[in-house]
Amino acid sequence: MHPSLIPPRQVGINDAALFLGMTPQGIRHYQEAGLLPEPGRGGDDRQYGYEDMIRLLWIRKMVDAGIAVDGIRGAFDDTAPAGTGGDRGVVVQAMRTPEGRMGLLSDFVTRRLKSMPGGSLRQADLDILLVTERIFGPLGAAVQAARFIAVATHPGLREESDRVDAAEESLDDTVAVDDPRVAQVAADRHAFELMIQAAIEHSGLAQDDDELFDSWDALHPAVDSGDSDGRACGVGQGAMSLVEAVGKMPYDFSPARLRCMELTEELSAHEFRAS
């Protein structure tokens with residue numbers, strides 16, 4: 001894997017703020033308000049991991065939606081009552097569910113997800129889409145949503161998805177990069193990706209993707225801005241390139257997990273050449 005595409009395990013507050021489209025002062029404000037746990041420290045700098053960044057992305061979405069600080073705090077506290085009723089209690093309760101938070105994503109993504117069976121959308125799925133929307137914009141997240149729709153609507157895919165995810169998560173820092181389990185999990189991931197692709201093709205979701213692109217093009221006519229440096233429309237309105245964005249979103253991947261990803265990419269490339 002190219003070094004520029006290897007995600008960090010944690011990021012400092014300045015990189016976190018840049019990715020999130022906030023200021024470092026804004027992040028500190030949310031910590032002081034009790035919306036974010038106190039992060040760890042690396043030297044003199046606060047360090048933010050994946051869960052911290054996901055939480056901050058949802059906080060930003062809730063703030064943009066007009067939800068007050070008390071409501072946001074309640075949305076993250078599953079043990080606290082939602083309130084005494086009324087609009088605030090309804091909103092807080094909704095923000096505790098994947099279906100409720102789905103409405104915080106862009107309309108373009110939300111419309112795609114509404115075809116999923118009730119209760120099939122998981123918070124982890126939404127978290128992934130949230131990051132994708134931040135980096136690649138609504139169109140990228142809407143296309144990625146096809147994966148979750150396929151898993152939710154095809155028997156056996158959810159179970160296999162959970163099995164492969166768990167196998168990847170087991171590749172922690174205690175596993176050597178040349179451990180045979182790494183290659184086996186990569187093969188399992190590759191096989192699962194082929195299953196997902198087949199499900200998407202056979203279900204008509206691929207055709208839906210084509211319609212998504214047409215709809216997006218109709219809503220966003222191409223404008224020649226003269227900017228051809230690969231800026232990412234999803235982050236900071238073009239403030240960072242895709243490579244820069246990847247380098248500012250932390251994932252706590254061990255060396256074995258990264259090697260597994262490399263092997264999966266090699267299997268996919270071999271499959272592509274063979275076809």
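User: Why is R112 called buried?

Analyst: In this predicted model, R112 has a relative accessible area of 9%, and since buried means under 20%, R112 is classed as buried. R112 is found in helix α7, residues 107–113.

User: Which residues is R112 in contact with, leaving aside its neighbours within four places in sequence?

Analyst: R112 is in contact with A142, V143, A145, A146, I149, L205, D208, D209 and L212.

User: How do you know that the span of helix α9 agrees with what it should be?

Analyst: Helix α9 covers the 13 residues 157–169, which at 1.5 Å a residue should span 18 Å, and because its end C-alpha atoms are 18 Å apart, the two values agree.

User: What do the buried residues of α9 pack against?

Analyst: The buried residues, among them L157, S161 and V164, pack against α8 (123–153), α10 (180–203) and α13 (255–274).

User: What makes α9 and α10 roughly antiparallel to each other?

Analyst: Their axes come within 10 Å and cross at roughly 150 degrees; angles over 145 count as roughly antiparallel, and α9 and α10 are therefore described in that way. The crossing of α9 and α10 is left-handed. Residues making the contact include V164 and A167 of α9 together with F192 and M195 of α10, and by class the contact has 8 nonpolar, 1 polar and 6 charged residues.

Note on methods. Residues are numbered from 1 along each chain as its sequence is written. This is a predicted model: local features need pLDDT of at least 70, side-chain atom pairs count only at pLDDT 80 or more; totals for chains, interfaces and linings use all residues. Side-chain values use heavy atoms; hydrogens and water are left out. Helices (H or I, at least four residues) and strands (E, at least two) are DSSP runs, numbered from the N terminus. The expected span of a helix is 1.5 Å times one less than its number of residues. Buried means under 20% relative accessible area, exposed over 50%, partly exposed in between (1.4 Å probe, protein chains only). Contact means heavy atoms within 4.5 Å. Axes are lines fitted to C-alpha atoms, for helices over the stretch in contact, and angles run from 0 to 180 degrees between N-to-C directions. Angles under 35 degrees count as roughly parallel, over 145 as roughly antiparallel, 65 to 115 as roughly perpendicular and the rest as oblique. A crossing is left-handed if the near helix is turned anticlockwise from the far one by less than a right angle, and right-handed if clockwise. Ala, Val, Leu, Ile, Met, Phe, Trp, Tyr, Cys and Pro count as nonpolar, Asp, Glu, Lys and Arg as charged, and the others, Gly among them, as polar.
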